Amino acid sequence: MISLEQRAALDDLYARYSACLDQARFDEWPDFFTEKCWYRVVPRENFDRGLPLSTMAAESRGMLKDRVYSIQNTLYHQPYYQRHIVSGLFVREVTGEGIHTQANYAVFRTKQNEITEVFNVGRTLDIVVEDGGRLKFREKVCVFDSELIPNSMIYPI
Amino acid sequence: MISLEQRAALDDLYARYSACLDQARFDEWPDFFTEKCWYRVVPRENFDRGLPLSTMAAESRGMLKDRVYSIQNTLYHQPYYQRHIVSGLFVREVTGEGIHTQANYAVFRTKQNEITEVFNVGRTLDIVVEDGGRLKFREKVCVFDSELIPNSMIYPI
Amino acid sequence: MISLEQRAALDDLYARYSACLDQARFDEWPDFFTEKCWYRVVPRENFDRGLPLSTMAAESRGMLKDRVYSIQNTLYHQPYYQRHIVSGLFVREVTGEGIHTQANYAVFRTKQNEITEVFNVGRTLDIVVEDGGRLKFREKVCVFDSELIPNSMIYPI
């Protein structure tokens, strides 16, 4: 459905997205999305039943920037490290909207002086488009299996 | 040993296989195998010693379908979510039998109202062939490191 | 920055490196490096502050062989299985030194009669060169998030 070059570009997008978040370069995170976008982190149970409740949600790059501002300035939290492992990327379909992709992910969390733990696992259902010469997410829906989120989720997935 | 197009097709096969199992679309699982096949989930200790004992085994697509029937109808169990992360796919060799591949995997399990846990990690030793226009597993041997399997293994790996 | 063929060769290098370590074929491990090399496993906290302290370090293939000798002959330890999951490989830059890559990794550890645990997660910052017809690591720096390493780290990452 897509060329080998496009496939390599997709791999690269996902790799850089993970690296950005895991190195806590949150200022760069909104640039992985188009101006008008749809970002959502949602429990699998809600997603499967079509329920709208999300753990995190944003409808524009501006809202993503607000989230970053909160993380850096207003949300009181104990910092932790995140580490994304992503696998099983494939193209569901290509439509006028963009390239519809799916992948599995596992995010590990490490808090100061604590053992690394499995924080959040699930799949991501995305729509990728070219925007200003690079691939960006028009839509990113992270559907997580994890039923109990150890404490609150502060950073994006 | 294989072309870039074949390599991409292999990546796709593994991605869709994981997605099928993790979304619990078990009815579609046997179609990832050839009619006559060899599916086996075996502890590393047994595998390394050449012992035949397997945790799960099937020699045909029919036996795989039986397994699915059991899961859906007769095996009494508490449902859980699975999430596959696969990496390090490479081609061991290409023979008349097909493309011999190897990859590492980690499967996470999430039970209702419980924390996500590392369920089963190991490597998969497969033989992939083209069958009816798509790639399928003629052989899939999942050799797992995990010594203690938390409760019993119900779903395929 | 690199061709699709080179990208495939990189994927292959990482896959075989993981397979070598996870199957405990430690004798083959030094051959993944150039004669003069730089191998380092370092906590993220130290790395970010530019501190030189490493959990493991070697400056030549000879030193890597010494490490293997220690593992096999002098280091008293309870054996354990390792399983590498690597994702998000991308090229940072290509210089006269080689191809500068980065990837995320998670290593799982399984001890006899114990549950598999998340042992070490982080990213690897490498420089890859062609040496004697195959790709090798001139530099490999594993920067791990994990603050507490459950017991001591014996095998390479």
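Predicted model: local features only at pLDDT ≥ 70, side-chain atom pairs only at ≥ 80, totals over all residues.
View 1. Residues are numbered from 1 along each chain as its sequence is written, chains are lettered from A and ligands numbered from 1 in the order in which they are written, and side-chain values use heavy atoms, with hydrogens and water left out.

**View 2. Follow B:Arg123 along strand S5 of chain B, residues 117-131.** Strands here are DSSP runs of E with at least two residues, and helices are runs of H or I with at least four, numbered from the N terminus. Leaving aside neighbours within four places in sequence, the contacts of B:Arg123 (heavy atoms within 4.5 Å) include B:Phe47, B:Asp48 and B:Tyr105. Chain C joins in too, through C:Gln23 and C:Arg83.

**View 3. Chain A meets chain C, with 26 residues of chain A in contact with 25 of chain C.** About 2,100 Å² is buried between them, 58% of it from carbon and sulfur atoms; buried area is the accessible area (1.4 Å probe) that two parts lose on being put together, summed over both. A:Tyr81, A:Arg83 and A:Ile85 supply 31% of what chain A buries here, more than any other three residues.

**View 4. One salt bridge is found across the interface of chain A and chain C.** Look for the side chains of A:Arg83 and C:Asp145, which meet at 2.9 Å, N to O. On the side of chain A that touches chain C, helix H1 (4-22), strand S3 (80-95) and strand S4 (98-111) each give two or more residues. H1(A) gives the most, with ten residues.

**View 5. Chain B meets chain A through 26 residues of chain B and 25 of chain A.** B:Tyr81, B:Arg83 and B:Ile85 lose the most area to chain A, together 30% of what that side buries. The count between these chains is one salt bridge, and the side chains of B:Arg83 and A:Asp145 meet in a salt bridge at 2.9 Å, N to O.

Terms used: Salt bridge = Lys/Arg side-chain N within 4 Å of Asp/Glu carboxyl O.
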